[in-house]
Each structure stands twice: as C-alpha cells, then as structure tokens.
Amino acid sequence: MKLQRDVYIAGVGETKFGRHQLEFDALGRIAALEALKSSNINRPDMIQSAYVGNGTNGLVTGQTALKDLGMCGHMPIINVESACSAGGMAVHLAARDVASGFSEVSLAVGCENHTLHMKTGTALSPAMTDIETVHGAVMTGKYALRAQRYMYETGATIEDLALITVKNRRHATNNPYAWFKGEISVEEVVKSRVVASPLTLQQCCGIADGAGAVVVCSEDMIRKLGIEKPIKIAGTVVRSGPYHNRPRDITGDDITEACSRQLYEETGIGPDDVDIVELHDAFTIAELLYYECFGLCGKGEGLKFLRDGNATHGGKCVVSPRGGMLSYGHPMGASGAAQIAACVKQMRNQCTGYQVDPVPRVAVTHVTGGGLSGTEHAACTMHMLVRP
Amino acid sequence: MGDNSMQKQLQNTFFHPDLLEIPADGSPAYLKGYRCRACGQLDFPKLNPCPRCWGEEFEVVPLSRRGKLYSATDIFVGQAGMKTPYTFGYVDLPEDLRIFCQLDGPTGSFRCDEEVELTVGTIRIDSDGALVTSYKFKKIGS
C-alpha cells in the first residue's frame, strides 16, 4: 500500500529492555511519554488516535496503558496483536491513519511484560489450536530447523552462526537500552547450553520486557510542532504468511522476501541505498538468512557478507546497530516499535557510543510474527525510514 | 502393547481421527490425505473447505508411509509441561506434502535428507495426565 500523503515521525521513546517488575502498561507509558515529550506535545488532547501493540498481556492493553496519561475519552485506541509483529504493525497503522487524513497526529506503542507471567525454563509456542503446537512445536525449534538445513546445504558451521551474536553484542556495548551486551567469544556462544540443536542459549534472544513508542504526524503538524529533525516514513508494508503445507525452501523466507520487494518497489529505494537495518534476529540463523531475503547480498552469500564485515560498522549496511534482539531480548509486542525508535535515534545522531558513522540516511526495520503451521510466519511488518 | 490396550488408549486420547488411520485388521497405520473432488488439490491436514476452491467434498487418500526428512532438531527447552529432550522435524512425502512431526529415536541421530517411515506413538501428556497418541516418524527399520 502506497501512503496517500507524506508521513513523518516527530519523536520516539523506548525503555531499557530486560527483566522488569513494571507491568506492560507502565512500560508502555514510559515509552509513550518520552515519545510525546520529544515531539513537543505537552497535553493529551493533541493526540488524535493511538495503536498499541501487545502479544500476550490480555485484553484492552492499549486503554490500560494510556488511560493514566489522560488519553482515553477523546480518541480511538486500537489494540494490535500479531505476536512478534504487533509493535511494528501498530506503527504501520498509525502511519496509515495519518496518510489517509484520519489523524494529523497518531501515537503507536509496543509494550510487553513476559517475565512476570511466564514459567521459567519453558519456550514460547503458538496456540494449542495449531497442529504443530500439539506435536510439540516451539519457536526456537522452528528456527533450529532452518539452521540445520542451512548448515546442511551450505556447509556453514555453528561457529559461523555464533558470529552473529558476537557482532550484535559488540554493537550494543555502549547502548543503555540493550540488555545483553559487550564482548562475547565464539567459543562462549557455542558452548552455552543447547536450547534446540544447533541453537545454543547465546544464539537465542532473551525473553524480556520493554516498550517502544513512535509519534507519527502529517507534514503540516511537523511544522506546527516545530520538529527540527523529522524522519520520513517512506514506506510501510504488512503482509500475512502464504499458506501451504508443501515442501519449500526454509533457508529463504517467502514472507520477508515479498515484504522487502514491495517496500523497495513502493519507495523506489533499493537495498544498495539502505544504511542501517534492524531485523528480526530472534535467533542467529534468522539474521543470516535475512541478509539474503532483503537483497543485501545474493542468495547463498549471507555468510560471506557477514565474514567480509559488510554487516557491521564500515561495511555496506550496518545490521542491528542497536544490538538487535540478540542484545535487547524480545518482548514480542514491543520489539517492532523499539526498532523504529532506535533507528530514528541513529538518524538523528543521538546514539553516543554506538552511533553509526556517517549518520544514516536510510533505515529499514523488520519484524515477523507468529508461528502458524503451513506458513513461515503468520505476519511480517517492514518499514523504510528516510532522513530528508 | 497389545491391540486391546492400544485401542483403549486411542479412544481416550487419540489426536486426531481425521489425520491418522490405524486399521482394525492390523495392517500398517497411514496418514490420511484429502483430495478435493472439485479441483483435485491434495492436502494434509484436512482443510474444509478446500482453501483453493472452497469445495466441500473430499476423497481420502492414504499417504506414503515413507518420506524424506527435510530437517530435524532436538528440543532441550520445550513447551511448558513437555518432557525434554524430544525431537521434531519436517518430513517431505512423495505426494508433495510436508509433515511436521515428532521423530522417534535418540537425540542427535537424525540427518537431513535421510529416509524415514511412519510410526505411531505418544506425542505429549494432556492436561488430564492422559497420553496423547499421534503419528510420528522414525528411521527405516528401527
């Protein structure tokens, strides 16, 4: 879907990610208030709509998060659930809202608290109505199947996959919002305990809590608010996963390939022009595959792209400059919005200690969502952000 | 396990009669494919209506008992309530269908592209503590 008029981000907010005693709604308010204040918005009735992404925390999560900010009553609050894509999808809907002229200012929030509600030592799985779940499926295992096949077909080793964790944790070293960060060796990654072979603990994103928020505005409103460094949402794409229970190549990802193609077509901006990417690196293997799905390199060249240093500072495209999910952890409803918040800060040169140089002009974000039998993912949300 | 005890268990906890047939005459179990009588598409599991043409009449097609293991993983941190480790994978059948299933065999013993065959066994324990029986795959002859 092409946006009918120009849409901009005025301000963003995020909490530190990790294990929180604060519930999802309190985390959401922290991120929302930071996004609103940084957008020069100083009272609740300036907002005309809100979309709130959450995966697992129950009903009316958006109203729960925003009522104490005085935002209930005068405007629609719409709750968005698509598992790990929810936060990204909330931003997508806020952008559509402004693009269609329904609102001049819309707030998107992603917030989640898993650790107050999940039994430790268990893995996230899709709903028990799903045939694969009944047979024992967990998300870690579904990615492990991709890793096993990728290693079998390409000869990549577990040490190769570990390089993704090493890179992303290094990127996050000075990022105050990241949870796991700093130096970690390939050996430490490989020797951590096996979660779903060949994926070890340090190749899996942590089960975390957190929130991100994005204020989306029309061009006119950006001027009225006096925003000095607006970031344009050049494109926003949501798709659902093609369904078929037939053999297919899972070293690719049909839904991500379709989303990125659509994003490039609608924006007229190609993969060679993308400076930074925050993608769904819930597991090491995913980032490696997505280099290829995004067209950052050719099919089968992902590992070379990584080894040649093209996915880090000084390379062709800095992938996961905030440290990705492998550093932040992955509160499912929050991640998509937090990725966008992190990219906006990069494009505004606000990331002291982990700033990409030169300051990025084009950023892409990507969250898939939901294990659903017969699909690679139930949903996928991507955004293209441009610094005018 | 004798036929009688198997039958008793199946009545209580069998998942799911539309998917797996265990013939009463003792002949080998098979997965049930569903061919749409309107458009001819073959699906597993059963989808009603047919997702291609919304046809609602199907012919049951016994699926091949052997297939090729596309990928497999050993699960050490599993679903809440499931005993670990367990192994699952994708098995590709000659009918151009991919089956997600648990694999019967020691951890670390399965390889991509090896041939595997259908078996029947316990896949989980349900919330009442009953064993849930369904299809699984195993190495040929194991």
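Trainee: Is A:His171 buried or exposed in this structure?

Mentor: Burial is judged from relative accessible area, and a residue counts as buried when that value is under 20%. In this predicted model, A:His171 has a relative accessible area of 4%, so the residue is buried.

Trainee: In which element of chain A does A:His171 lie?

Mentor: A:His171 lies in helix α6, which covers residues 158-171 of chain A.

Trainee: With which side chain does the side chain of A:His171 make a polar contact?

Mentor: For such a pair one looks for N or O atoms within 3.5 Å of each other. Here the partner is the side chain of A:Thr312, at 2.7 Å.

Trainee: Which residues are in contact with A:His171, leaving aside neighbours within four places in sequence?

Mentor: That list includes A:Ala311, A:Thr312 and A:His313, together with A:Val318, A:Val319, A:Ser320 and A:Pro321. A:Gly323 and A:Tyr354 are also in contact with A:His171.

Trainee: Where is A:His135 placed, and is A:His135 buried or exposed?

Mentor: A:His135 is found in the loop that runs between α4 (131-134) and α5 (139-154) of chain A. Its relative accessible area is 0%, and therefore A:His135 is buried.

Trainee: Where is B:Ser142 found, and why does B:Ser142 count as exposed?

Mentor: B:Ser142 belongs to the segment after β9 (131-139) of chain B. A residue counts as exposed when its relative accessible area is over 50%. B:Ser142 has a relative accessibility of 52%, so this residue counts as exposed. Its side chain also reaches the backbone oxygen of B:Lys139, at 3.0 Å.

Trainee: How many helices and strands does chain B have, and what pattern do they follow?

Mentor: Chain B has 1 helix and 9 strands. Along the sequence, the pattern is α-β-β-β-β-β-β-β-β-β.

Trainee: What can be said of chain B in terms of burial, surface and contacts?

Mentor: Chain B has 142 residues, of which 48% count as buried. Its accessible surface comes to about 7100 Å², and 48% of that surface belongs to carbon and sulfur atoms. Among the contacts in chain B with a separation of 6 or more, 44% are between residues 24 or more positions apart.

Note on methods
Residues are numbered from 1 along each chain as its sequence is written. Chains are lettered from A and ligands numbered from 1 in the order in which they are written. This is a predicted model: local features need pLDDT of at least 70, side-chain atom pairs count only at pLDDT 80 or more; totals for chains, interfaces and linings use all residues. Side-chain values use heavy atoms; hydrogens and water are left out. Helices (H or I, at least four residues) and strands (E, at least two) are DSSP runs, numbered from the N terminus. Buried means under 20% relative accessible area, exposed over 50%, partly exposed in between (1.4 Å probe, protein chains only). A polar contact is a pair of N or O atoms within 3.5 Å; within protein, one must be able to donate a hydrogen and the other to accept it, and residues adjacent in sequence count only if both atoms are side-chain atoms. Contact means heavy atoms within 4.5 Å. Accessible areas come from the Shrake-Rupley method with a 1.4 Å probe; for residues, only the protein chains shown count as cover.
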